There are 2 protein chains.
Amino acid sequence: MGEHILALSGGVGGAKLAAGLAQVLSPERLTIAVNTADDFEHLGLTICPDIDSVTYALAGLNDVQRGWGVADESWQAMEMLGRLGEADWFNLGDRDLAMHIARSWRLREGASLSDVTARLTNELGIAHRVVPMSDAPVRTQVLTGDGWMDFQRYFVAEQCEPALREIRFAGVSDAAPSEGFRQALDREDLAAIVICPSNPYLSVDPILALGGLREALADCRVPVIAVSPLVGGKSLKGPLSKLLDELGKPQGNAAIAEHYRGLLDHLVIDTSDGEQAEDLRCETLAVTVCDTVMRGPEDRARLARDVLAAAAATPG
Amino acid sequence: MGEHILALSGGVGGAKLAAGLAQVLSPERLTIAVNTADDFEHLGLTICPDIDSVTYALAGLNDVQRGWGVADESWQAMEMLGRLGEADWFNLGDRDLAMHIARSWRLREGASLSDVTARLTNELGIAHRVVPMSDAPVRTQVLTGDGWMDFQRYFVAEQCEPALREIRFAGVSDAAPSEGFRQALDREDLAAIVICPSNPYLSVDPILALGGLREALADCRVPVIAVSPLVGGKSLKGPLSKLLDELGKPQGNAAIAEHYRGLLDHLVIDTSDGEQAEDLRCETLAVTVCDTVMRGPEDRARLARDVLAAAAATPG
């Protein structure tokens with residue numbers, strides 16, 4: 001087994017494992033490529049929820065109680081924006097706002113999202129590489145009974161209530177993987193690709209939809225290992241269970257295995273779903289059962305170690 | 001005497017009298033035209049310090065203790081911006097930030113500063129008209145030993161320490177008065193023009209430097225009345241006294257009278273400077289002595305009434 005690990009991550013759940021990997025791997029041994037299809041423009045700011053979740057988790061700034069955003073957050077600007085008649089459906093904390101402001105003005109000055117992300121993570125003392133999946137804008141849109149809507153409107157304003165019929169990633173056909181992502185994929189010393197426990201349809205699919213990415217992973221000489229976002233058949237956060245229903249997918253890890261078929265070599269599922277292991281396991285898919293719930297830094301590091309050990313035991 | 005009053009205002013001191021005028025005049029009787037030459041672009045936001053001071057004062061949101069910004073302010077975004085390596089020389093409160101965000105995205109979408117100002121003041125329940133002096137960008141720059149620098153850098157970052165040799169208003173030759181300002185000037189029922197107690201060189205001069213404005217005021221059929229920003233020979237806030245020295249001007253209200261010569265009909269000076277009244281008074285300049293220090297809403301309203309009474313007794 002070589003030296004470098006490439007992790008693909010969405011927001012909250014993915015960010016936790018990304019932070020765990022950063023705890024157990026030195027900076028030169030890890031690249032975290034993050035979904036940017038949840039990004040959106042709001043009140044003149046470019047907001048990148050998944051990059052922010054990963055950044056806050058790695059910097060130890062994430063709010064553990066609330067499960068998203070920055071710890072010790074306040075909401076004074078938001079309250080005032082409401083008084084000024086501005087849109088208030090997307091909660092912007094005062095500390096979080098600083099990130100959006102710092103990012104937005106630099107993007108507007110012409111910096112790439114990769115440059116801005118490197119700068120901001122570096123300023124927060126993060127030594128590991130956090131790279132956007134792409135520097136080109138990709139925007140998730142969902143088809144509901146009300147027609148196509150932007151992801152954040154569905155996810156935050158509508159709280160995932162409208163039944164979802166279809167998902168598309170606007171702009172993805174023109175979006176290439178970012179240079180940092182591509183470089184990690186091409187490394188001679190790449191040892192494994194870890195798909196973090198993020199929503200396969202909403203958080204990982206946009207990454208796989210980048211030109212040639214799914215094929216590159218399927219043909220990859222190193223093992224691709226995914227941690228299922230399901231625990232006891234349900235997602236701990238987010239709309240995954242509801243979404244499996246609405247998209248007509250099987251419930252449980254069968255859906256995850258099916259979704260990643262052809263590119264996945266190893267699936268890590270939670271102990272609470274252990275009885276599914278035998279049905280999932282096949283010639284081309286190894287299955288590891290362990291505790292995947294990450295309550296704090298110790299859990300994150302333990303799961304990261306379990307995943308790396310499982311990857312090391314997997315042929316590519 | 002007709003019905004309408006046009007007030008010209010800069011920041012803090014001017015904003016207090018503007019608020020006093022709004023206390024004693026119904027909305028249809030007052031237009032407040034505000035200096036915009038202190039405006040600047042910072043971290044991708046368009047910040048209009050004088051419009052904000054006037055807005056906060058009229059909405060009752062101004063911080064009385066600190067003397068600037070919003071009451072009950074917090075500084076979480078600013079602290080985080082510092083951690084992110086962003087410029088921290090200009091203090092941005094969390095509540096204040098909401099104003100800059102709301103303004104900036106609408107300007108970027110193509111709204112005029114007049115439209116945005118009308119909207120934001122209206123949302124905060126301000127019924128009186130607050131108009132920018134111009135919709136075109138005008139930017140004060142000052143010449144110091146280090147060359148020309150932008151006003152906010154001199155005023156905030158350098159705390160007015162470099163000796164000031166010259167002041168210029170970049171962009172003013174291409175800037176017309178805003179439509180709301182022009183309309184107030186042209187009103188048939190205009191009764192007086194009140195120059196609020198703001199710095200004549202830094203806050204009022206940019207307004208007078210707009211094409212034809214100084215001449216329009218000089219030829220005006222209605223009285224032009226100014227409240228001196230000096231109290232006991234000094235400015236209560238800001239660099240005016242230091243600036244009179246550096247520009248080689250006389251100290252005291254003689255400098256104010258000289259500066260507005262040819263357009264001013266009436267000068268209101270503070271009781272503490274009452275002994276200057278006789279020297280200032282001449283055929284073309286009436287002088288009123290009264291208490292011009294505004295400690296709270298009662299003082300503001302009283303001074304507003306004194307000024308309006310003085311104006312009513314002045315020929316144009």
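In chain A, residues 24 or more positions apart account for 69% of the contacts with a separation of 6 or more; two residues are in contact if their C-beta atoms, placed from the backbone, lie within 7 Å. This is a predicted model, in which local features need pLDDT of at least 70 and side-chain atom pairs count only at pLDDT 80 or more, while totals for chains, interfaces and linings use all residues. Residues are numbered from 1 along each chain as its sequence is written, and chains are lettered from A in the order in which they are written.

**Chain A overall**
- Chain A has 13 helices and 14 strands; helices (H or I, at least four residues) and strands (E, at least two) are DSSP runs, numbered from the N terminus.
- The C-alpha atoms of chain A fill a box of roughly 60 × 45 × 40 Å, taken along the principal axes.

**The sheet of chain B**
- An open sheet of 7 strands has the order β5-β2-β1-β9-β10-β13-β14 in chain B, with parallel pairing; two strands pair if DSSP finds at least two bridges between them.
- The edge strands, β5 (129–132) and β14 (286–290) of chain B, each pair on one side only.
- Strands β1 (residues 4–9) and β9 (residues 190–195) of chain B run parallel and are joined by 5 bridges.
- Within this pairing, I5(B) stands opposite A192(B) in β9(B).

**Contact between the chains**
- 24 residues of chain B are in contact with 24 residues of chain A.
- On the side of chain B that touches chain A, α3 (76–83), α4 (94–108) and α5 (113–123) of chain B each give two or more residues.
- The largest share of that side, 10 residues, comes from α4(B).
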